[in-house]
Amino acid sequence: MADHAKLSASSSHKWLNCTPSVRLEESFENKTSTFAEEGTAAHALSEHKLRKFLKIKTKKPISKYDSQELEFYTDAYVDYVSELISESKTRSSDSLALVEQRLDYSQYAEDGFGTGDLVIVSDGILDVIDLKYGKGVRVSAEHNTQMMLYALGALELFNLLYDIETVRMTICQPRLDSISTFELSVDELMKWAETELKPRAALAFRGEGDFISGEHCRFCRAKSQCRERANSNLELAKLDFRLPELLTDDETAKVLAQANELKSWAKDVWEFAEKEALAGRKKWPGYKLIEGVGRRKYTDEAKVAEQVLATGDFNEAQIYTKNLLGITAMTQLLGKKQFKELLGGLCIAPPGKPSLVVESDKHQEWNPLDAARSDFADAI
Ligand code: SF4
């Protein structure tokens, strides 16, 4: 069986909103990011620490992300959840804590399963806990469908063995100092599973239903090329703006409501177009690539210092803080004219990352194929 479910819990917000997205995404590569790798390292270390706390045999994992910061935040997570484990023992002596537990919710979403970071089961309360190591966006547990799917998987395992009334879903984001908890009765969760989840999951699995765009598109692999997302963003341009010439408050509010999504869509399309052009796969009409300009730097710091001190107008205390003043600060000290005369020959701007610009841009076009040929020639 694949180690990743098609109807994965982590992407459920997307496929529940836009059911055909799962199939559409199949033709796009699923890339992992540095942030995802760092998250995996945090999960592995937390798992080890929790196993230690539970007196289960374990071996400390090693990763390139090992750092004081990783230790600190995984400790904070483990401190918090170990209190929940201890608290569950006061409810029922046979309470159970399971780390990195496979949770199967395929009864509601075909082939659906995931891994719960921590599940604590006791009479009365079932805790499902998720560690999120990211610090970009604060994630709320409230009606969070990933957590609700995990809770369904955990209920599947324990509902017959324990007298569970409430599921308590918690997302811990130690780097944001955030703990978000949401509770549902088992009845409420089951009702959602039967009336909302099951029919939407069936459509998603078959790749049916309507494309619906929204903020969930951010996590879709088709986001840069999806027609529905483009159409709904371009709707803004079609708003029926009438006289008077100035927008009414209502019209301004309509623009505001779509502005964030519009911005993020435009950025995704631009990044896609630039990547394709850089790889030499596309030449977009009306656009070209130009070579970027890197940050200017000194070619020889000792000579720079020597030249400036030789003017007699400045002393060492002025041009060194800890290191020699950077180019911006040095320009301020000397003034643009003197900087250019004195140090112009001691600065270079190495080539930066090429970028996509409109064809009328005055800079010379950069051709990725020529660059690749010249790199090859240099190498032989
Ligand atoms: S980009 Fe949005 S609308 Fe398009 S398939 Fe993905 S989730 Fe659906």
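1. Setting aside residues up to four places away in sequence, Phe339 touches Arg296, Ile327, Met330, Thr331, Leu334, Gly344 and Cys347, where contact means heavy atoms within 4.5 Å. Phe339 sits in helix H12; helices (H or I, at least four residues) and strands (E, at least two) are DSSP runs, numbered from the N terminus. With 4% relative accessibility, Phe339 counts as buried. The scale is: buried under 20% relative accessible area, exposed over 50%, partly exposed in between, with a 1.4 Å probe and protein chains only. Phe339 and Tyr298 are 41 residues apart along the chain, and their C-alpha atoms are separated by 12 Å.

2. On provenance: this is a predicted model, in which local features need pLDDT of at least 70 and side-chain atom pairs count only at pLDDT 80 or more, while totals for chains, interfaces and linings use all residues. Residues are numbered from 1 along each chain as its sequence is written, and side-chain values use heavy atoms, with hydrogens and water left out.

3. Helix H11 has Ile327, Met330, Thr331 and Leu334 as its buried residues. They fall within an arc of 105 degrees seen down the axis of H11, so they line one face of the helix; the arc is that of the directions from the helix axis to the C-beta atoms. Thr328 and Gln332 are exposed on the other side of H11. The packing partners of the buried residues are S7, H9, H10, H12 and strand S8 (347–348). Gly335 follows H11 and has a positive phi, near 85 degrees.

4. Helix H9 (residues 301–310) has the buried residues Val304, Ala305 and Val308. Their arc around the axis is only 95 degrees, which puts them on the same side of H9. The face turned away from that side carries the exposed residues Ala302, Glu306 and Ala310. Cover for the buried residues of H9 includes strand S7 (297–298), helix H10 (316–319), helix H11 (327–334) and helix H12 (336–343).

5. The ends of H9 can be checked separately. Asp300 caps the N-terminal end, with a side-chain oxygen 3.2 Å from the backbone nitrogen of Ala302. Just after H9, Gly312 takes a positive phi of about 80 degrees.

6. The largest nonpolar core has 39 residues, of which Trp15, Leu126, Leu152, Leu189, Trp192 and Leu197 touch the most other members. Such a core is a set of buried Ala, Val, Leu, Ile, Met, Phe, Trp, Tyr and Cys residues joined through side-chain atoms within 4.5 Å. Among the elements giving two or more residues to this core are helix H1 (12–17), helix H5 (145–158) and helix H6 (186–206). H5 gives the most, with nine residues. Another core lies apart from this one; it has 16 residues, including Val304, Ala305, Leu325 and Leu343.

7. Glu38 is found in helix H3 (residues 34–53). Glu38 is buried, at a relative accessible area of 18%. Not counting residues up to four places away in sequence, Glu38 touches Tyr65, Tyr133 and Arg175.

8. The domain assignment gives domain 1 (12–206), domain 2 (223–278) and domain 3 (289–379); these bounds come from an automatic or database assignment. Five residues of domain 2 are in contact with seven residues of domain 3. About 530 Å² is buried between domain 2 and domain 3, and carbon and sulfur atoms give 72% of it. Buried area is the accessible area (1.4 Å probe) that two parts lose on being put together, summed over both.

How values were computed. Polar contact = N/O pair within 3.5 Å; in protein donor to acceptor, adjacent residues only side chain to side chain.
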